[in-house]
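Here are my notes on the model, point by point. Please keep the structure open while you read.

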Amino acid sequence: AKEVAIVGGILTGLILSYGTAADVGGWRDTYATCIPLACGLAAGMVFLPESPRWLLLSGKGDEACKSALLQTEGRTAAQDPVFIESKLDLIKNS
């Protein structure tokens, strides 16, 4: 799914650039289209959860990291404490 989004973005940019290449100020249209999309992505980053690796490296502790792992790995991981501990050990040792 991630690869489809990347290739779709590249294709959209190519089509937009090709469509505005003949215009004298066509590059402005390209930027006018891209800037709102980039601002939307930047605003969306505020709502992303903190990564377990960042929590451990910044000294937030194991409990914060466990809660972040539960958010990122899903509820099935919450039922398997061995999985959570193995992920924590993997993060600590890498």
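1. The Thr-20 side chain. The side chain of Thr-20 reaches back to the backbone oxygen of Leu-16, at 3.0 Å. That is a polar contact: a pair of N or O atoms within 3.5 Å, where within protein one must be able to donate a hydrogen and the other to accept it, and residues adjacent in sequence count only if both atoms are side-chain atoms. Thr-20 lies in helix 1. Helices here are DSSP runs (H or I, at least four residues), numbered from the N terminus. Thr-20 counts as buried, because its relative accessibility is 11%. The cut-offs are under 20% relative accessible area for buried, over 50% for exposed, and partly exposed in between (1.4 Å probe, protein chains only).

2. Basis of the numbers. This is a predicted model, in which local features need pLDDT of at least 70 and side-chain atom pairs count only at pLDDT 80 or more, while totals for chains, interfaces and linings use all residues. Residues are numbered from 1 along each chain as its sequence is written, and side-chain values use heavy atoms, with hydrogens and water left out.

3. Thr-20 meets Thr-30. What joins the side chains of Thr-30 and Thr-20? A polar contact of 3.3 Å does. Thr-30 sits in helix 2. Thr-30 is buried, with a relative accessible area of 17%. Thr-30 in turn touches Leu-16, Ser-17 and Thr-20.

4. Ser-17. Ser-17 also belongs to helix 1. Buried or exposed? Ser-17 is partly exposed, at a relative accessible area of 35%. Its C-alpha atom is separated by 11 Å from that of Cys-34, 17 residues apart along the chain.

5. The aromatic pair. Rings of Phe, Tyr and Trp (its six-membered ring) pair if their centres lie within 6.5 Å; planes under 30 degrees apart count as stacked, over 60 as edge-to-face, and the rest as tilted. The count comes to one aromatic pair. Trp-27 and Tyr-31 form it, edge-to-face, at 5.9 Å centre to centre with 80° between the planes. Both residues lie in helix 2 (residues 26-44), four residues apart, about one turn of the helix. Tyr-31 is exposed, with a relative accessible area of 52%.

6. A nonpolar patch. Ile-6, Val-7 and Ile-10 make a nonpolar surface patch of about 300 Å². Patch residues have over 30% relative accessible area and no salt bridge; like charges are joined within 9 Å, and nonpolar side chains (Val, Leu, Ile, Met, Phe, Trp, Tyr) within 5 Å. A salt bridge is a side-chain nitrogen of Lys or Arg within 4 Å of a carboxyl oxygen of Asp or Glu. Ile-10 lies in helix 1 (residues 2-20). Ile-10 is exposed, at 57% relative accessible area.

7. Glu-50 is in the loop between helix 2 and helix 3 (52-57). Glu-50 counts as partly exposed at 45% relative accessibility. Leaving out residues up to four places away in sequence, Glu-50 touches Leu-55 and Ala-68. Glu-50 and Cys-65 are 8.9 Å apart in space, C-alpha to C-alpha, and 15 residues apart in sequence.

8. Pro-49. Pro-49 is found in the loop between helix 2 and helix 3. Pro-49 is partly exposed, at 44% relative accessibility. Beyond its neighbours within four places in sequence, Pro-49 is in contact with Gln-71 and Thr-72. The C-alpha atoms of Pro-49 and Ser-17 are separated by 34 Å.

How values were computed. Helix = DSSP H or I, 4+ residues; strand = E, 2+ residues; numbered from the N terminus. Areas by Shrake-Rupley, 256 points an atom, 1.4 Å probe, with all protein chains shown as cover. Contact = heavy atoms within 4.5 Å.
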